[in-house]
Structures are given as C-alpha cells and as structure tokens.
Amino acid sequence: MLSSSRAALVAAAAKLPRLVTRYGYCTTAAGERQQQKPLSPKITTHPTRNDRAKDPRWKDIDMTRAADEADVVIVGGGPAGLSAACRLAQLNAEKGTEMRIVVLEKASSVGAHIMSGACLDPKGLVELFPDWQERGAPLHTPVTGDKFYMLTEKRAIPLPLLPGMPMHNHGNYIVRLGNVVAWLGEQAESLGVEVYPGVAAAEVLYTEDGSAVKGVATNDVGIAKDGSPKDSFERGMEFHCKQLIIAEGTHGHLAKHLINRYDLRAGREPQTYGIGFKELWELSEDRWRPGYVEHGVGWPLDSGTYGGYFIYHLNEGSPLAAVGFVVGLDYSNPYLSPFHEFQQFKHHPHVAAALTGGKRIGYGARALNEGGVQSLPKLTFPGGCLVGCTAGMINVPKVKGTHNAMKSGSLAAEAVHEAIGSGEIEPATYEEALRNSWVYKELHSVRNIRPSFHLLNGRLGMFGGMAYTGAVWYFTRGREPWTFSHGGTDHEKLLPAKDCKPKDYPKPDNVLSFDLLSSVALTSTNHDHDQPPHLTLYDDSVPGQVNLSVYDGPEQRFCPAGVYEYVELDDGSKRLQINAQNCIHCKTCDIKDPTQNINWVTPQGGEGPAYNGILIMTTELQKSPQVDMKGFLLRYETFKGRSGWKKRWAVLCDFCLYLYKEQTSKECFYALLLPNSRVTQSHDSSGQYRSSI
Amino acid sequence: YIHIINKADMAASKGLKILVGCKRVIDYAVKVRVKPDRSGVVTEGVKHSMNPFDEIAVEEAVRMKEKKLAGEAVAISVGPPQSQETLRTALAMGIDRAIHVEIPLAQLEKLQPIHVSKLLAKVCESEKPDLVILGKQAIDDDCNQTGQMLAALLDWPQATFASKIEPSQDSKQLRVTREVDGGLETIDVSVPAVVTSDLRLNEPRYATLPNIMKAKKKPLAKMSPDQLGVDLQPRQEVISVEDPPVRKAGAKVESVEDLVGKLREKGLVK
C-alpha cells in the first residue's frame, strides 16, 4: 500500500471489501496484514435492521439530529421531482406566496443517477416551460425516422408503424436524459429552489401520534462495515416540512415504506416491473443515422418472456446511439439472466450491422414500472404524495414515462400549494387532478396492452400481445370495456429451479458483447467500502435456505451489477456475499427476490453510479447545421378529406428532408430521413414529373 | 440548530495560519476514456471531485484548527469555474474561507505544476501563511511536483509525503513523519513550511448537509492569473495520450521441462 497513484487507490478500494468480508483481514498503517477474528455469519449489519439503542458499541454516541424547517421537501431530483419543484416555485411567483422548497438527491450531482439516452415526448416539458427552447433545454435531436422490427434468430422482420400506434414517435426528441435533468435542476435553482445533491433521504419522520408524515431525515455517515461507529460518524439531519413529495423513481425505498404503512395499494393491483439496460455506443460514422428511432421485440427472448429493445441515434455532434433492452421481471425461469439476454441480442445480424465498428462507452441498468393504471397506488397520504415513476406512470408500449412524470410533478405541486394554503394535511386534490389529465387518459388507453401478453395463460406470449395490439387495441384505443389484470406480483411468478431448464449463454466477444464486471466498471459506480451493505436482508438465513436451495440463487443472475455472489466456504457450503460497492441502484433485487427478503435502503449520499449525462459545457456540442439545399417543393397532401398539391418550403440537410409550411416557419412539420426511403418516378397525364418517396 | 462561527473569535485566536491547496480532478472511481483524437481524456459530463490527497490535506488543516495548533485555515484552488464546488466541499469540511484562481478554459489543458506553484507562491506573498499543506500528487497527472516547486520558489523548508504532523519537542517547529521508500523518516521543520500529505495522514471526514449549508455563507474570493502576474505559457507539449496496451494472454505450462523448453524457444535461456 505504499504506492499511492490512482490505480493503486482503485485497486485497493476494489480489493479491500472482499478481503474483509471473506477472510477478515485488514491492513494496518505500515502495510502489514493482521488476521482478525473470523467474522460472524452476519450479512446484514445495517442500522435499519440492527437497533443501535440495544448495541453496546453505540452506548456513548450522541444520536441527536440537527433539524431544519422547510415548507416542501422533495425526495429525488429526477424529472418528476424537479418538475414539482419548478412548478411550486412558479406558483409562488404567480400567487405571491413564499415557500422554502428543498430537493434532496442522492446522486453526487443532479442527473448522475439518470440513465442517459431517451426518447422524450416534450408534452410535459412544454407545459412546464413553454419557452424551453430559449432557456436552452438540451433537446437537440428531433426524431426523424421510426421503425419497428420483430427479430427471429436470423432475420429482422419490419412491422408496420401506423400513426396512432404508441410506438410512433413523430414529434418526439431523442435526448440524454441526464442532461435534461441537470438542466431542470438549474432551472429549479434559478427559481429559488434549494437543490442538494449528494444527500440521501434515509428515513421518514412522523408526527407525535404517528398519523402523519412530518418530514425526512438524511443518512448518517461514518458507520463501519460491521455496524460500529467510526471516528467520522455524524448523524444525518432532519427536515421538517408541511408536505413531502416522494419522487424516487421506480420502486423507491421510502415509497415502499410509505405504501406499506398507509396501505396505499389497497384495492389495486401490485406494481409489475421490467429491468431496462442501456448502453451508449459511439458508432462508426457510416452507420450513424441521427434522429433515427428503432424499436423491436423477439430474439433472443423466448415468447414467454416479455421484453424488447430500442436503438436511438442521437444528433449532438458525435455519432452516439443509445442501445436499450428491457426484460419484463415477470419471467419464471430462475436461470434467466437479463444481462446476458441483452448481450446476446447485440449479436443478431440486424443489430450487429449497426454496431460493428463502434465502441461501447457507457452502460447502465434500472428497473422500470410496467403496471400502468391497474397498479397505480393511492397517490396521497397524510403529509405528502407520490409522483412520477415512484407511483408508476410509464406508458409501456410507448416505452415512455418522462412526460407523465413531469406532468404528475406539476399537478402534485398545484395540489401541495393548495394544501399548504388551506392547512390541509393531505394534498387530496392531486389524485383527482391526475385522473382528469392527459396522463391518465393515455395510461388508461394502453392499459390492456402489457397484460395482453398473458392472454390464454401466457401461451401466446409476445404474439398474443402483438395480436391484441394490432387487432383489438388499434380500433378500440383502450375503449374496450374490460381491463386485464397483471396476475400477481413479479416475484411470485418465479418458478423453482427444479422445474426449469438452465440456460447456456455464449461467452462475450468483447467487441459487441461484454462481461458483467467490465460493464459495471463503465457505470463508474462507487460506494465507500467501509459502510454496512445497503442491500439489507430481513433474515440472513433465507438466502442459503430458500433462494439458493429452491431457486438456485436467482439474484446472481438478475442483478445487473454483480452484487450478489454465492461463494463456497472451506466446508463446502455456500454463503451469500453482497458486493455492495458494485450496486447501481436499479432496485431489481428488491423487486424480484422470490422471498422478498432483500430490502434496498439508501447508502451514503453522493454514492452510486456516475452516468455521463451531465450538461456538456464545450463548444463542440452545437455545430450549426449544414444546409445542403433549399427550395420549394409541391407535395400531395390530404387534409380533411380533400387531396391536392401544396407548395411547401423544403430544406435538405444531413441526409434529411425537412418540410415547412411556409418559408418563414420556425418549425418543420414533417421530416423525412432519406436513406430510409426510395424514390420512384411516375408520369401523370399532364406530362409533369412526379416522385414518390 | 445551526451554529455560525463568530468571525471575531477567529481573529482573536493565535496559532498557525494554514493555506490548503485543492484540485478538482476526475473522480477516482470513474472509468476514464481517451479522446478519439488522442489529445487527452474525456472530461465533459464526467464526475469530478476533490483530489483524494487534497481531501486529506484539508482534513489535516481542520484537525489542527480543532487541536488549537492552527487559528485560520484557507483553501485555495487553481482551476476552471467548477473548482468552486471543490472549494465549497473544503469549506463544508471546516475551512474558514476560500480563494479561487480561475483559469480560462482555453488554458486549462495546458496548465502544469510549474504554473500552479508560481500562482500559489504569489498568493503566499499576500496571504503570508505559516504552513502550506498540499496533497502529495494529483490523481490525474500523478506529477508529485507542485509542493516541492512551491517550497523552492518560496525558499521554505518542505516535508513531503507526511503521515503525521505534530509540534516538535520545543514547540517552535513542526515534527513531521514522512513515508519514504525505506520506511518512515521523522524530521523537524521550521515554519513557514510546505508539507504534502500522504495517504495515511488521516481519514477525511464527510461533508454533511448542515455544514454544506453553513459553507454557503463562508467567503470565497476570486482571482485571475493576470492579477497575480503569472504567465501561463506551457513548458511542455502533450504529443499523444493513449490507452495502456491490452494485456496479451499468457500460456500455461504443465511441467518444469515445458517451462525450460519455452524459455529456450524465446532465447531467454541458453
């Protein structure tokens, strides 16, 4: 340990936790190794599961917390939380009220835990900031082309994308969502909101009688891995607020706690989830099609496993594309590894064709909610409410939830503002406002698409789902009088290992597919090694007795970061080892653990992944578009039943034809990606040339 | 409740005045990528934080204040506008005030330890600290030069790779234990002096939220290299930055005879 360059630091940090957990060694100042007493079989040392009041090591530690007052505390600085903050600040300015608004975000900077690369419907943003373009929101890539494919093992069958289908993306933007969130954070701060990144909200505080929420407490720091206090121990602080908005994203840990405490799921279905992977690829220039959006289903997932992929080509100066893969967490085979399905998918000839010659520069994973309206809990509780993905508002067939999250944040802000003004404890108008908004209409209309996958007991799988979407949904648009159920929780659907076939995944080739640990390294995730693992277990003996023996330890396979490992001890038995340092905060383990024994709690603030979505500050970003050609074109258009030729202003730029209603129009109303199209000539009776694209 | 430090208290107390250097670097856990044009590494959008050795330096300054060895601790950072965040972290750990020498983006990539040490020397002329504590090296360039150059420019004694700082037996000097290749070396240095921190000097505290909120009120002064009269002309030119070569696969041998045979093949053994 005498050499102290960066590499040694990283190596030391990576090695230490495993050494301490497995063998109980530690290094002293002079680098000698001392053997400690063998560690007890205790896996979970976190204070949430070990009462420090009864722990003699904590006898003399002062546990008082500093407290501060705010009007509204928002836990989570993502699209929903920041929209709520901005809307509240806007309302205060409009109505002349004054409120202290505090946003607590566990990532070291706003946007760092947001997985980059998304196709954003700007609806939510436009309502919040109609002048978003002038404000410089980083929406740089309008969608120029849209395709949907069905992959078989060798082929990619294009399926028609009719306008009106949820996968149709005209009018949307491809963004690096972390950048958008960072920009939202700046807007919030300029509006007077206090945004504190690097601070994790660890505990909900209740009023004396325990009926209402009165605030949150931030995480303690300086607790050693074995649960004892370090010299650097410091208690978190408390924020007492009139209203608490929980915006933690899918399956937030405080949300989970509140949902249980106030029984917010009574009379509703439990939430169902998927795990989403994203990789950021630097493509070779000749395969880059800026603005192009592709979605698809099929290989390598079998028809009984829900999932799909997307590829979004960004247009921000360099040939970047976001490659994503979703696997529904209601899969039944414990041998399935979503990560390996994703890696295998990239070898499909159609996908490999796009990625060959490129370089993978980013990786991340996060659970996403798939339950839609059936799984929306009651959104308010005494003292606060849930917004965004924490409640579960993703439009699953559209694979979009950010616009709904932003809108729900705005609506919650309005309800909270009203509640504070009138002294109400529960912002009850929020739920009704959401039900009357376009968020609910949209979610209601697509409510049957995801569960249609389970039609006929899931025997038709993906085909059943697609058949339903094409044959029924396209005509009824959700007006059908029935509502399908999801059929239970995801974790209940896991079958015992003996009833399932093990899966053999091919080895990564390190060109298109990669191994798990090098992928996790790309997330730049890090946690202080000397802290209790934040993946806590209700019962330490369950992994060995149930997870491993009945389900063959599925957590080894569904965790996208290699946190869970069953290591063999000297006596031949296997023990669960939790590599908490690798965690990328995706929450999949909390969702899919068949025994629901894993409870994810927040680690110290500022830790976790560091996805590269932070606002780009250099000049390389905004190249002014090179216009190749411009002029007038006649276009055959149909409007309200009448057809005719209309003269439109056309601009040819970057292999894309943009059409404007007038020469002076600021925004194009139609964009056509030329490499995707074919031109045919035809003569009409008047002898003029016509081209069809 | 939040306790605000009384400025009058600070002025009245005696003890050393400490200047601590902090550098904003790419966070040590980040996977670094070389730029496609091989002129450097990608820094845009990448997580940055305070150089770990500088965190240790800041922690030492704050501990010396707590032990009443020091009266005032000032943090200084030479870097882009975002270095202010690094200084705010130092303030949150207990530093009293901060100085930011802002370097325009165009000159940032060419900034070298010689420039930084000259800038620090100029600041020392006006601030007149008794002790300057710097991290021993930055984890982005691994130069290990700034502390030593600064001591030479100021003609002050230096104690580098410090793993312990305490008053000497006669309390007129500082007794510093240094980590050297052969083990540990203890020297007495007279103040003013430059000390650089090594890994085992201390374990830095966390910057907790109440302290971060307090730190917003602490003074942060801005300066420019022109004001300090230092020219930032680069003395070195970076020709290329490349990934380390991929480690080639090795070969396994079954017996000693095999091994000797392979070594003979490669001409390493006759």
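1. Let us begin with helix α6 of chain A, which spans residues 338-345 in this predicted model. Seven of its eight residues are buried, so the helix is largely enclosed by the rest of the structure. The buried set consists of Pro338(A), Phe339(A), Glu341(A), Phe342(A), Gln343(A), Gln344(A) and Phe345(A).

2. Next, please look at where the two chains meet. Chain A brings 42 residues to the contact and chain B brings 33 residues. The size of an interface is often given as the accessible area lost when the parts come together. Here, the area buried between chain A and chain B is about 3,300 Å², and carbon and sulfur atoms give 58% of that area.

3. Now for the pairings across this interface. How many salt bridges are there between chain A and chain B? The count is two salt bridges. One of the pairings to look up is Lys230(A) with Glu203(B), whose side chains form a salt bridge at 3.9 Å, N to O. Between chain A and chain B there are also five residue pairs in polar contact, with both residues at pLDDT 80 or more.

4. Which parts of chain A face chain B? At least two residues each come from α1 (6-23), β13 (221-223), β14 (229-234), β20 (359-369) and α12 (516-522) of chain A. The most is given by α1(A), with four residues. By residue type, the side of chain A that touches chain B has 19 nonpolar, 14 polar and nine charged residues.

5. Of the 270 residues in chain B, 44% are buried. Among contacts in chain B with a separation of 6 or more, 71% link residues 24 or more positions apart. Chain B exposes about 14,500 Å², with 52% supplied by carbon and sulfur atoms.

6. Back in chain A, His251(A) sits in the loop between β15 (238-246) and α5 (253-261). Is this residue buried or exposed? His251(A) has 15% relative accessibility, so it counts as buried. Its side chain makes polar contacts with the side chains of Tyr273(A) at 2.7 Å and Asp590(A) at 3.0 Å. Leaving aside residues up to four places away in sequence, His251(A) also touches others, including Lys256(A), Cys389(A) and Lys587(A).

7. That leads to some backbone details worth checking. Most residues other than glycine have a negative phi, and most peptide bonds are trans. Lys587(A) is not a glycine, yet has a positive phi of about 75 degrees; this residue is buried, with a relative accessible area of 3%. Phe161(B), also not a glycine, has a positive phi of about 55 degrees and is found in strand β7 (residues 158-167) of chain B.

8. Finally, two cis peptide bonds. In chain A, one joins Trp299(A) and Pro300(A), with omega about 5 degrees; Pro300(A) is in the loop between β17 (292-298) and β18 (307-313). In chain B, one joins Val191(B) and Pro192(B), with omega about 0 degrees, and Pro192(B) lies in the loop between β9 (183-189) and β10 (193-197).

Key
Residues numbered from 1 in each chain as written. Chains lettered and ligands numbered in written order. Predicted model: local features only at pLDDT ≥ 70, side-chain atom pairs only at ≥ 80, totals over all residues. Heavy atoms only, no water. Buried < 20%, exposed > 50% of the residue type's maximum accessible area, 1.4 Å probe, protein only. Contact = heavy atoms within 4.5 Å. Buried area = accessible area lost by both parts, 1.4 Å probe. Salt bridge = Lys/Arg side-chain N within 4 Å of Asp/Glu carboxyl O. Polar contact = N/O pair within 3.5 Å; in protein donor to acceptor, adjacent residues only side chain to side chain. Nonpolar A, V, L, I, M, F, W, Y, C, P; charged D, E, K, R; others polar. Areas by Shrake-Rupley, 256 points an atom, 1.4 Å probe, with all protein chains shown as cover.
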